[in-house]
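Here is a set of questions and answers to work through slowly, with the model open beside the text. Try each question yourself before reading on.

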Amino acid sequence: MNEGRYPRLYKEINEAIEDRSKSNALLRCMKRGRDTRARTLETLPGGAAFRDEVKRSKARCIEDLPRLQKKFVENARKRGVTVYEAKTAGDVIRYCLDLAKERGIKALAKSKSLTTEEVELNQPLIDAGVDVVETDLGELIIQMVDEKPYHLVFPSVHKMAPDVAKIFTKTMGEKVGSDIPSLMKAVQKYLRPIFLNAEIGMTGANIGVAETGAICIETNEGNGRLVSSIGDCHVCIMGSEKIVDTIEEAMLMILAHPVSASGQLPTTYVTWMHGRNPLGEGEGRKPRESHLIIMDNGRSEMRDDPEMREALYCIRCGACMNVCPTYGIVGGHTFGHIYPGPMGICWTAGVHGLEKAGDFAPLCISCGLCKEICPAQIDMPHMIAEIKHRDAQKNGRRTSHHVMMSADKAAQLGSLTAPLANAALKIGPLRKVMEKTLHLSADRELPPFTAPSFNQRFRHHRSEVTQPTHKAVLFVDVYANFNDPELGMAAVRQLEALGCKVAVPEQRAAGYPFIAYGDMDRARGTANYNVSKLAPFVAQGYDVVGIEPTATYCLKESYPKLLNNGAKARDLSDHTYELFEYLIKLEDETGKGPASNLLTGRKFGFHCSCHQRPLGSGNGAMEWLRRRGAEVELIETGTCCGMGGTFGLKSGPLGHKLSAAVGEPLFELFKVAEIDAIVTESSVCKIQLAEGTGIEVFHPLKLLTLK
Ligand code: SF4
Ligand code: SF4
């Protein structure tokens, strides 16, 4: 397939990069969300440990969903609730239209009802003559301008106060000032009669509790309470995945949701509803009704699909949106269908179809950060890789993706033909041709290839370790093999100096590009191959040490997942270490410290690559540098440098251009940091940071040769 499938994406990425007003507002909001979450986690007993409980609880409840849903329905009915289990979006719409028609409804007020966005309920109701009004501020603004949510929790985050003032002035028919008190006053005045006159109040639910039949709504504005209690009829529309078994599990979600979303503990209002209170009946009012629509709309298929089931663990906190690097630039209208952001790709595939998800899935650069922050630890990167895979099987694969998935072969060829290949990479017109045909950005300065490769050198290496205290397989991956073999040899020397016997058995590049571009067959094939080659060494007592963070991540995290948690893959994962984590371990176990304080007086800014975060966040390398006298400061924005593995090597909006835009905030931090150099273990982040900052970037081992 050529690159032409995404004209909309290309256009919108270009627009977002040219006009940063929306993305600046979004990035500020995302940062606020991350910072407040981090601060709250520091004060929470157990910190982020609640994520394990959330994952366990959601996994158990989704596994047991048919039974829990039955129990929930029975208990809700006992409390006088009319329950309807809707199979499809069409069923939900029909039920609501019938309800409105039977009762001659003219006014309906909504609050906290994202599921109604999922089924696009508003328009059919409006077409049937019902005045539908969103009452939560963000949703109201979005409704007034007929847009979709930009962010799951902050749907109108891209509208600044002056924009909102203009929108209110136009809709409300009188001048509204852009200061916050004026905006709040205007919205209160506008909504008051809507609350009072709504005949149906419609809400969603954050949680349904099977053991009581109750629903829970968490809000900050309190509109959920008003909407559900003033009118005679309350309709709650919730997805079946919101059902948990017990009150204790509900309380866990009430903690996890706001902490993850914005660091709150808990939301201002937590409203429980157990059926309908007969308030005011007998005074000329109609009997009060409570309807609960439990919606499937693709959820059963997601549950039955082992690759997609985890999406149902989502508690809609929006935290994944606060960390996703490309979403931060392009926003939820581009990075989303109705559900935006990382979870939006998974949920769009589940409820709106693979085709729609495939239209924006290439925006995922597989950094893995969404999984790291998700309270339910949903492996969205893996799920998105599967979506890309299915999409490619149906619609073909882009040329640039084929090229990037062959990067290891190209590097091998480059090393074999090193002087020639390096000279060719410097010829501008040739790079332009390569950009046109291979979609490899002509503006990226690529690391030169080197011959002989690490593998060839290691074959001639004679170890002087006669009585090893440890044994390790070195996992070399692409860069240290074909671009910088001396880096690989430096790793060997460091390990051997600490009494470690080093083996380099047959191995392939780790294969993360197959995951990033969604070729899951080749990803599994590579995982199988490497596990089969390395597992016998692990069985003989070897540890496995990775030089490249993403490759180490593959061995530790991706291979077990790809190979269904097979024993050998698990065992390999358990015995895999990052190079510096392992060197520190050996230094501590052998008591052999650094030979000298070579780096005293030097100050470095450390960049932790995204895949390194679950591997110890670069603490091993920073400690290793500090033990050699260096001053090291971790410099980060809380998200990605933008390179996304090979993503930033590609040309155009879905490559170099977007990658550079993502990296800008981090580049600025490094530029003002007063450091001698940048240090990172990732070979691709190195390219990005050198280009974006103009500062020299080193691998920690290379600092030992600094003059
Ligand atoms: S893996 Fe990274 S780029 Fe992809 S959706 Fe998650 S946060 Fe966004
Ligand atoms: S996927 Fe995880 S982080 Fe994203 S909204 Fe759902 S629960 Fe929150």
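**Reading a predicted model**

Q: Is Pro 468 buried, partly exposed or exposed?
A: In this predicted model, the relative accessibility of Pro 468 is 36%. Buried would require under 20% and exposed over 50%, with partly exposed in between. The value for Pro 468 therefore makes this residue partly exposed.

Q: Where is Pro 468 found, and how far apart in space are Pro 468 and Cys 500, C-alpha to C-alpha?
A: Pro 468 is found in the loop between α23 (454–459) and β11 (470–475). Leaving aside residues up to four places away in sequence, Pro 468 touches Gly 499 and Lys 501. Pro 468 and Cys 500 are 32 residues apart in sequence, and the distance between them in space, C-alpha to C-alpha, is 5.3 Å.

Q: How are helices α30 and α31 oriented to each other?
A: Two packed helices are described by the angle between their axes and the distance between the axes. Helix α30 (residues 579–590) and helix α31 (residues 619–626) pack with their axes 7 Å apart and at an angle of about 50°. Angles under 35 degrees count as roughly parallel and those from 65 to 115 as roughly perpendicular, so an angle that falls between these ranges is called oblique. The orientation of α30 and α31 is therefore oblique.

Q: Which residues of α31 are met by residues of α30, and how many residues of the contact are charged?
A: From α30, the residues taking part are Phe 580, Glu 581, Leu 583, Ile 584 and Glu 587, and they meet Gly 620, Ala 621, Glu 623 and Trp 624 in α31. The residues of this contact divide into five nonpolar and one polar, while the number that are charged is three.

Q: Which residues come nearest to ligand 2, and how many of its shell are nonpolar?
A: There are 13 residues around ligand 2, and those that come nearest are Cys 314, Cys 317, Gly 318, Cys 320 and Cys 374. In the shell around ligand 2, one residue is polar and one is charged, while the number that are nonpolar is 11.

Q: What is the phi of Asp 477?
A: Asp 477 lies in the loop between β11 and α24 (479–483), and with a relative accessible area of 15% this residue is buried. Although Asp 477 is not a glycine, its phi is positive, at about 60°.

Key
Residues are numbered from 1 along each chain as its sequence is written. Chains are lettered from A and ligands numbered from 1 in the order in which they are written. This is a predicted model: local features need pLDDT of at least 70, side-chain atom pairs count only at pLDDT 80 or more; totals for chains, interfaces and linings use all residues. Side-chain values use heavy atoms; hydrogens and water are left out. A residue is near a molecule or strand if one of its heavy atoms lies within 4 Å of it. Ala, Val, Leu, Ile, Met, Phe, Trp, Tyr, Cys and Pro count as nonpolar, Asp, Glu, Lys and Arg as charged, and the others, Gly among them, as polar. Axes are lines fitted to C-alpha atoms, for helices over the stretch in contact, and angles run from 0 to 180 degrees between N-to-C directions. Helices (H or I, at least four residues) and strands (E, at least two) are DSSP runs, numbered from the N terminus. Angles under 35 degrees count as roughly parallel, over 145 as roughly antiparallel, 65 to 115 as roughly perpendicular and the rest as oblique. Contact means heavy atoms within 4.5 Å. Buried means under 20% relative accessible area, exposed over 50%, partly exposed in between (1.4 Å probe, protein chains only).
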